[in-house]
Amino acid sequence: MTDRQRQIWIDRAAVTAAWIAALVFFFPIFWMVLTSLKTEGQAIQVPPLLIFEPTLENYLEIQERTNYFKFAMNSIITAFGGTLLALLIAIPSAYSMAFNTTHRTKDVLMWMLSTKMLPAVGVMMPIYFLAQKFDLFDTRTLLVVIYAMMNLPIVMLILFNYFREIPKEILEASRMDGTSTFNEIRQIVLPLAWGGIASTALLSIILCWNEAFWSIVLTTTDASTLTAFVASFQAPEGLFWAKVSAVSTLACAPIVVFGWMAQKQLVQGLTFGAVK
């Protein structure tokens, strides 16, 4: 086998492996959508039905029984609000650590990242009591703050790595011209690292959107998000698979569409600095 034939075989194997991985990843989503178009009787049949007459009765019943758009709006506000708050804190902090590095910088970053290892249930009671004390229980404001603090370590670490890719000579030249720190961040750092900031924001939005624990624990009706909306379809009799699949599809659809539309920016940001 020649080198060219070997390379062609390797390329084909890589493409095949990528297709298999894609099918494995998207099959649960496909099955969820397929089940949402069945009746409850069809959804639990063994073996599963692959050929059937689709129905939208599950979606119509969800619209009649609940206010889907209220939950969706709560998810949008809390996901984007939590991301914005996290970026407002992380950008100046990451700038300071990236361009004024000390021997403690890595220790601070690792300490912040280590907080992600703490189980959420470990801090549930203090946060629950504080929410009641300040009358923030079941409010979007509380979820925005919780989501921002939850994602802040990851956002900080990613932005720190992006900012380090910016040549310090550019900043030194701007300082010689008397540029203030605020203008330096606004006019130089942000434009140069915009791809990284955009991808970090997208990642944070996805993490906020998918967060279920805090939404279920800290909300009841007014500020409940789509993850709590899905959890509300559990019943003592068990799971109604067709309806759960329908509500899960409705919960996933907005973030999937958003991610698909923003995939170019996400890929550009994640590959920022990968090729010199």
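Reader: Where does the largest share of the lining of the second largest pocket come from?
Author: The largest share, 6 residues, comes from α7. Helices are DSSP runs (H or I, at least four residues; strands: E, at least two), numbered from the N terminus. The model is predicted: local features need pLDDT of at least 70 and side-chain atom pairs pLDDT 80 or more, while totals for chains, interfaces and linings use all residues. Residues are numbered from 1 along each chain as its sequence is written, and side-chain values use heavy atoms, leaving out hydrogens and water.

Reader: What else is known of the lining of this second largest pocket?
Author: The lining has 17 residues, and V123, I127, M149, M150 and W214 lie nearest the centre of the pocket. Two or more residues are given to this lining by α6 (124–133) and by α7 (140–164). The volume of the second largest pocket is about 460 Å³.

Reader: What classes of residue make up the lining of the second largest pocket?
Author: There are 15 nonpolar, 1 polar and 1 charged residues. Ala, Val, Leu, Ile, Met, Phe, Trp, Tyr, Cys and Pro count as nonpolar, Asp, Glu, Lys and Arg as charged, and the others, Gly among them, as polar.

Reader: Why is I91 called buried?
Author: Buried means under 20% relative accessible area, exposed over 50%, and partly exposed in between (1.4 Å probe, protein chains only). I91 has 13% relative accessibility and therefore counts as buried. I91 is placed in helix α4 (residues 68–99).

Reader: Which residues does I91 contact, leaving aside neighbours within four places in sequence?
Author: I91 is in contact (heavy atoms within 4.5 Å) with L159, F163, I185, L190 and I197. The C-alpha atoms of I91 and L190 are separated by 8.8 Å, although these residues are 99 apart along the chain.

Reader: Which residues of helix α3 are buried?
Author: In α3 (residues 57–65), N58, Y59 and I62 are buried.

Reader: What puts these residues on the same side of α3?
Author: They cover an arc, taken from the directions from the helix axis to the C-beta atoms, of only 100°, and therefore lie on the same side of α3. On the other side, L60 and E64 are exposed. The buried residues of α3 pack against α1 (3–36), α2 (40–43), α12 (226–231) and α13 (241–261).

Reader: What domains does the chain have, and how far apart are their C-alpha centres?
Author: The domain assignment gives domain 1 (3–57) and domain 2 (68–270); such bounds come from an automatic or database assignment. Their C-alpha centres lie 31 Å apart, and 9 residues of domain 1 are in contact with 9 residues of domain 2.

Note on methods:
1 Å grid on protein atoms, 1.4 Å probe; cavity = no way out; pocket = protein on both sides within 12 Å on 5 of 7 lines; lining within 4 Å. Points joined across faces, edges and corners; volume = space filled by probe spheres on them.
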